[in-house]
Amino acid sequence: MPEVHDDFDTKSGTWSYRTENFSSIEQLDGNLKMCVGPSEALYYSDAEISDGSFENLKWSSGNAEFRVKLSFDHFGSAGFGFWNYSMVTDLSMPLWFIYLNARGKYPLQGFFVQAGKNFCPLFLKDTGITFPIVSFISRIFPARVGVKILDSKPRFKEFQKESYHVYRVEWKGKLARFYVDDKEVCSVEDQFLQKGKARLDVWIDNSVFMPVKNDPGKVYRHATQELRERHCLYLDRLDAKE
């Protein structure tokens, strides 16, 4: 049964460390400091750790807890949780917390729980009328929208964005529960969640992801963003067990 504990005081052989283009990963004051940018919009830049590959996904269920600090202020994405390492729209199975933000039109701008194609908003960057409409339509026609947004209102009215928080994913079979600082923020039950294995994954990058109509690969494509400054995610601790 897989089990992981890392307080990131030293570099561990548990992880595959990935840095692509304008990014870095370093140990700093008991944290894994993962940074992206400055980066041109034409380049995909990513700092990421994971514990599995296509050939070796260790988790078919599990509880994972992440102590993380993130400013939630860059264009791109960041997140942590379980993922089956597929971007194919019909196969991708993330069970994670995910931040998304883009300069252009993009319906999911904010911080969310994602379980498969189900989204729970935790806080939003855009509080206008667009998100409630998209949320409503997604619940009636999830196949047309591509995702199902479970609530039109975010869970948090206030959120300390510059502070460490403890995020927990509890996944068993078709049920996934998500907690922030020991408070349950979302619960998703979906048969799709028990169809495959996954890896632990933490990342920060300069891209959001979207399906493209009539895409021959049927995948979520990168919509890369320009970053004028450096942005970092601080991972203080990660505990996981099946």
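What share of the 242 residues in the chain is buried? Buried residues make up 50% of them. Before I go on, please keep in mind that this is a predicted model.

Let me start with the overall form. Along the principal axes, the C-alpha atoms fill a box of roughly 50 × 40 × 40 Å.

Next, the surface. The chain exposes about 11,900 Å², and carbon and sulfur atoms supply 49% of that area. As for charge, there are 32 positive and 33 negative charges, and their mean positions lie 7 Å apart.

Now the secondary structure. The chain has two helices and 18 strands. Eight strands form an open sheet with mixed pairing, and the order across the sheet is 2-5-15-7-8-9-10-11. At the edges are strand 2, residues 16-20, and strand 11, residues 148-149, each of which pairs on one side only.

Strand 9, residues 110-115, and strand 10, residues 118-124, run antiparallel and are joined by six bridges. If you want a place to look on the screen, find Val113, which stands opposite Cys120 in strand 10.

Last, the contacts. Take the contacts between residues at least 6 apart in sequence: 65% of these join residues at least 24 apart. That is my last slide.

Key: Residues are numbered from 1 along each chain as its sequence is written. This is a predicted model: local features need pLDDT of at least 70, side-chain atom pairs count only at pLDDT 80 or more; totals for chains, interfaces and linings use all residues. Side-chain values use heavy atoms; hydrogens and water are left out. Helices (H or I, at least four residues) and strands (E, at least two) are DSSP runs, numbered from the N terminus. Buried means under 20% relative accessible area, exposed over 50%, partly exposed in between (1.4 Å probe, protein chains only). Contact means heavy atoms within 4.5 Å. Accessible areas come from the Shrake-Rupley method with a 1.4 Å probe; for residues, only the protein chains shown count as cover. Lys and Arg count as positive and Asp and Glu as negative; His and the chain ends are not counted. The place of a charge is taken as NZ of Lys, CZ of Arg, CG of Asp or CD of Glu. Two strands pair if DSSP finds at least two bridges between them.
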